[in-house]
Structure formats: C-alpha cells, structure tokens
Amino acid sequence: MLRAFILLLLLVQSCGEFNVSPYISKTSNSRTNSKQLSLISNNEAAAPTSFKIAVISDTHNYYKELEEQVEYINERKNEYEFVIVAGDITNLGLLREYEMTKRLLEKLSIPYIVAAGNHDLLSNGESIYDQMFGSSNFSFVYKQTKFIVFNNNNWEATGKIPDLDFVESELASSSSSNNVLISHVSPEDRDRWNEAQRNEFSKLVSDYSVDYYLNGHDHNPTCSNFSTATRCTIGASVKGKILELNLSNTGVGHQHVKF
Amino acid sequence: MLNFKLLLLPFILCVSAHGYFLDYLKMQHAGEIGELALGVGKKFNRIYSLDYMHGIVREETGGTTIETIALKNNFQLYRFSHVFSYIDLYSGLAAYHVTGLKYQASRNNNYPERYYRIGSIRGLFYLGLKGALEEATKHEGFFEAGINDIWIENYVNSPSTVNLFGYVSLALGYSYIF
C-alpha cells in the first residue's frame, strides 16, 4: 500500500510544481516584443507593397477561442504579415495567465506583438508585462506604415499615462504614408477621459493625419470615425472576429472577419 | 519588508492558547500560500480540522514580497494503518487572501467601485497525504496537490486547451501535534 502511495506521489509531482504563490512577478521570460519586432523587420524586405495584418484583442481567459484564432491565422499565414494583440491577455494580471496566453501565441506561424491592457496591469501585472514584453510604449515602421503602440491604461498603470509626448514625437518624426495608433482603451471612453482629454486625443489625430486608431477594451467589434481617422474596436476573442487591416501606399482599409 | 510581527502571530496564539483549544503547529512550503507558511490548527472531530496559516514569499523568489493569510479546511477521507506507521488521505479547501491594496482590485481607489472583481482571495482545492511513525506520533509530515479556482474556471471554459494537470500546485509540510 505504501509503495502505491509513493508511486502516486511521484506521479502527482511529475504533473505539478511547488508553486509558492500565483501572485509572483519574477519571470525569465523576457523582451518578447523586441524579439518579435526583429522577426517582423527580417520579413519586411520580402513583403509585398500591399499587405494585410491580423489584429486581435481581449483574449482574457478565452483560451479555446484564442487557440481557434491562432489556427485561423496559421491557415492564412501567407496572407498576413504579422499579428497585433491589443491588450488584455489576462484577467487578473497573473504570471501564469501571461504564460498560458504566451504559450498559445507562440504557436503562431507569423510574428506577433502585444500591447498592454488594463487587466494585464492588475496585481503585479505591470512588472510582469515589463519583463515579458518590454516597454508598453513603442513604435515600428513596416513598409509604408508607422505603427505606434502606447499604454493608455490610466487607472492601472503607474507613471505618465498616456504619454502623449511620446505619441506626438513619434507622429512628428514619421515619414511614412500611413500612421496607425494602437492603444488598449478607446480615446473616446467617457469613463476614463474628460472632454478636454478627448479633445486633446482628437487634435493629435487630426494634426498628424493619423489614418487608423485601433483599440481593444470594449468587447464588441465596431468601427467608426474618430476625428480624421477611422477608429476600430477589435473585439474580444469570444466574439469570434479578427480585424484585418489592409495596408498599401494608397491608404489603409479594414474588415472584421469571422474565424 | 516582511512583517515579522504578523508572522509571529501564530506562535503567540499557540503558546498562549494551545492548552485550551489548539491541537497542532504547522509549517508548509509552497501550496500557493508562501515559500514558508507557519500556522496552528484545531482538530474538531475525527474527520474535520481547520488550520490558520500565515505565509511569506521573499522578494528574491517572487519579484516582490508577498504575504498570505490562509484558512485551510481539511477533511480526512481514509486512514491506512501499517505496523509501524499510518497514512491519512484527506481532501481540503484553502481560502487564502494576499495582503496589499494592489491585489484587491475591487477596493482599490484608482478604479470606480465594482469595476473589477476582487483579486486577492483565492480558493485552492487539494488532496493530501499525511503520515507519522507509530513511535513518533507527535511529528506528522504531509504532502498536498491542489488546483486553484482560476484554473478550474479556465478548464471549465476551455477543456480542450487548458491542461489542468499543468496547474497542479504541490505543498510539503510538517505538523507538531501537542
């Protein structure tokens, strides 16, 4: 009997780990966005002038749906250049939630980058995001388009949020034909932004002729006009949609597609 | 900075009250309540016992210092007796709370009321084995394997994607029985 228990104990031990707390923030899993941006950059020379990217958001703990999104994108890996995830890849900002989502995203056959969502910054999530993905404000140019990703989770993040000086400086230095802004929260969110702030975002968009503003947070996929740009809410994984962005020298277009 | 005064609380309780109602002193490694958790417990009857434990995770291990207060409800399922020893199979539910405002999303002043559900309280369901030698029954060792509410919920939502066994949390510990 004792032997059976020792065997059982060894079996259980092989499945689990001595987890000291789900709230720990220390991870060796680092600089994912920077590594993925290198992959994106490596693919750029061979990419066509007109190209498509896939944008997903608010995957939270909808792991089944995220896996389906990954499968859908992989089946069309020759159509998309890369994937943008517009935040909220966790529910509680816990390390194991981050790791689970990242494990699923690693199955993508094309590169991906991840923006910070409000849920991702709960508990010790801000520190985990910093370690795992790097700075939550960054930009990159792909072909004729500049993508500016910034953190606007003003209730959850610490420091200057949103850092509009960063956004303005990136827009001012852009020589690309298209400019696309990506943040998790909508610039039109009336709970988070007062009228003066909303006007400030709107002015920035019009002053620099931003083409598209992509955000997550609200789970229903929609698109509408915001200042001079088109603003699209990507929609949560559970809503069964992916946003396709079509980019070329002549402009940017979009469509929400079912997966 | 660790709150050593709080850590000593179980011992103070133990010294002052064990003669009246406490039955054992307990020490645990892992099981989601700390690198090291210390506590006391009461055996109410042959089946049910309750532990109060206070655990800590050092900054070196967790990236930040984490303090946890846990109530562990243990239910004995079966006793395997041997000539020189016994082993008890038990199940349990640990309700634990991580101290600090940043974990209590629902109460944090940064957010509107009820914007988030509470993030600092978790439930851990576990199965355990504890045993002692017949000639040293004051000293018990135990081993537990459990899964918390988050991963049970995630498994229910995505059974084909989430491997529940990958989220089993193990614990090892020792009890001194008065």
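Trainee: Is the crossing of helix 4 of chain A and helix 5 of chain A left-handed or right-handed?

Mentor: A crossing counts as left-handed if the near helix is turned anticlockwise from the far one by less than a right angle, and right-handed if clockwise. In this predicted model, helix 4 of chain A and helix 5 of chain A make a right-handed crossing. Helices here are DSSP runs (H or I, at least four residues), numbered from the N terminus.

Trainee: At what angle do helix 4 and helix 5 of chain A pack?

Mentor: Two packed helices are described by the angle between their axes and the distance between the axes. Helix 4 (residues 95–105) and helix 5 (residues 125–133) of chain A pack at about 35°, axes 10 Å apart; the axes are lines fitted to C-alpha atoms over the stretch in contact, with angles from 0 to 180 degrees between N-to-C directions.

Trainee: Which residues of helix 4 of chain A make the contact?

Mentor: Contact means heavy atoms within 4.5 Å. Helix 4 of chain A brings L95(A), Y98(A), E99(A) and K102(A), meeting residues of helix 5 of chain A that include I128(A) and M132(A).

Trainee: Is Y23(A) buried or exposed?

Mentor: Buried means under 20% relative accessible area, exposed over 50%, partly exposed in between (1.4 Å probe, protein chains only). Y23(A) comes out at 1%, so buried. The Y23(A) side chain reaches the backbone oxygen of G119(B) at 2.5 Å.

Conventions
Residues are numbered from 1 along each chain as its sequence is written. Chains are lettered from A and ligands numbered from 1 in the order in which they are written. This is a predicted model: local features need pLDDT of at least 70, side-chain atom pairs count only at pLDDT 80 or more; totals for chains, interfaces and linings use all residues. Side-chain values use heavy atoms; hydrogens and water are left out. A polar contact is a pair of N or O atoms within 3.5 Å; within protein, one must be able to donate a hydrogen and the other to accept it, and residues adjacent in sequence count only if both atoms are side-chain atoms. Helices (H or I, at least four residues) and strands (E, at least two) are DSSP runs, numbered from the N terminus.
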